[in-house]
Amino acid sequence: MGSVEFEVSVQDYFYGDDPSASPISEETWQDWFCDWLEILHPDMPTAPTYELSLRLSDDAEIQSLNAQYRHRDQATDVLAFAALEVECPPAAMVIEELPLYLGDIVISVDTASRQAQQQGHSLKTELAWLAAHGLLHLLGWDHPDEESLTEMLNQQATLLQKIGLITESAKDVQS
């Protein structure tokens, strides 16, 4: 795939007017998604730039989205709304000129904070873990059974290892 250009639009509803309170800067998010896309080499059209939207939210907002789009009236940790249909990518002519929009990832910082405490790692690590999970969903991954869930969790661990947030020995702990 070569060098990947990635544009991440971070909508920080959770930290609001104080982006310095967020444990991860927009530039760091950009770097991580670029690294992850280069590792994954997804089976999709090549584009000059890839884009996605990342929204850091709270339990109330993600519960509302979960009820509206998944008919589950409860908070969750991450939602992913893919813009591409895996079987039907956009026309190659369009891809050559425009950024390829992958979709939206919404993460509840409330839930991520609780999960980070339960797992015994930092909020930064948990947010990265959930963002990697969301990206995999945007690229067509799913986990309808235990085997595919294990495969997806292992891939997430590999992505976090690439950016230095977990070590090889911690991969087993994550999954």
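Ala, Val, Leu, Ile, Met, Phe, Trp, Tyr, Cys and Pro count here as nonpolar, Asp, Glu, Lys and Arg as charged, and the others, Gly among them, as polar. The model is predicted, so local features need pLDDT of at least 70 and side-chain atom pairs pLDDT 80 or more, while totals for chains, interfaces and linings use all residues. Residues are numbered from 1 along each chain as its sequence is written.

**Exercise 1**

Describe the lining of the largest pocket: how many residues are nonpolar, polar and charged?

Solution.
1. A pocket is an open set of points on a 1 Å grid over the protein atoms alone where a 1.4 Å probe fits, with protein on both sides within 12 Å along at least five of seven lines; lining residues have an atom within 4 Å of a point.
2. The lining has 22 residues, with Asp77, Val78, His133, His137 and His143 nearest the centre.
3. They divide into nine nonpolar, 10 polar and three charged.
4. α5 contributes the most, six residues.

**Exercise 2**

Which strands pair with β4, and in which sense?

Solution.
1. Strands are DSSP runs of E of at least two residues, numbered from the N terminus (helices: H or I, at least four).
2. Two strands pair if DSSP finds at least two bridges between them.
3. β2 (residues 50–57) pairs with β4 in the parallel sense over eight bridges; Leu56 stands opposite Ile107.
4. β3 pairs with β4 in the antiparallel sense over five bridges; Ala82 stands opposite Gly103.

**Exercise 3**

Why is β4 described as largely enclosed?

Solution.
1. Buried means under 20% relative accessible area (1.4 Å probe, protein chains only).
2. Seven of the nine residues of β4 (100–108) are buried, so the rest of the structure largely encloses this strand.

Definitions and conventions: Heavy atoms only, no water. Buried < 20%, exposed > 50% of the residue type's maximum accessible area, 1.4 Å probe, protein only.
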